[in-house]
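I opened this model to note its surface, its confidence and a few residues. The entries follow in the order in which I looked things up.

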Amino acid sequence: MVHYRTAGEVQAEFLALRRVLDHAGRALGCAFTSADEFEAEVIRVRREQGALPPLRPRRMPWLMAVLLAAALASALFLL
């Protein structure tokens, strides 16, 4: 037997479907504001798991000291 739906039933089903779709859209939302944040988190997690080597200490202060000493030595040499 064929069941014809009333306009109220169709509207109720439509609203229920819309709520489900809205909920699904929120569930797919990303917790990160940019791709850079996401990639940084992936790298951090992989380092914690041991898949990537740990960070090496930066050598910038040592390099700046060497360059400053070289500049002072060349300045003294020119005097």
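**Surface and fold**

I looked up the accessible surface of the protein chain: about 7900 Å², with 67% belonging to carbon and sulfur atoms. Areas come from the Shrake-Rupley method with a 1.4 Å probe, and for residues only the protein chains shown count as cover. Of the 79 residues, 0% count as buried (under 20% relative accessible area; exposed is over 50%, partly exposed in between; 1.4 Å probe, protein chains only).

I noted that this is a predicted model, where local features need pLDDT of at least 70, side-chain atom pairs count only at pLDDT 80 or more, and totals for chains, interfaces and linings use all residues. Residues are numbered from 1 along each chain as its sequence is written, and side-chain values use heavy atoms, with hydrogens and water left out.

I found three helices and zero strands (DSSP runs, H or I of at least four residues and E of at least two, numbered from the N terminus).

**Confidence**

The chain averages a pLDDT of 82, and 90% of the residues score at least 70 (pLDDT is the predictor's confidence in each residue, from 0 to 100). Helix α1 (residues 7-27) has the lowest mean, 80, and helix α3 (residues 60-78) the highest, 89.

**Two residues**

I checked Arg47, which sits in helix α2 (residues 35-49). Arg47 counts as partly exposed because its relative accessibility is 33%. Leaving out residues up to four places away in sequence, Arg47 touches Leu52, Pro53, Pro54 and Leu55 (heavy atoms within 4.5 Å).

I then checked Met64 in helix α3. Its relative accessible area is 48%, so Met64 is partly exposed.
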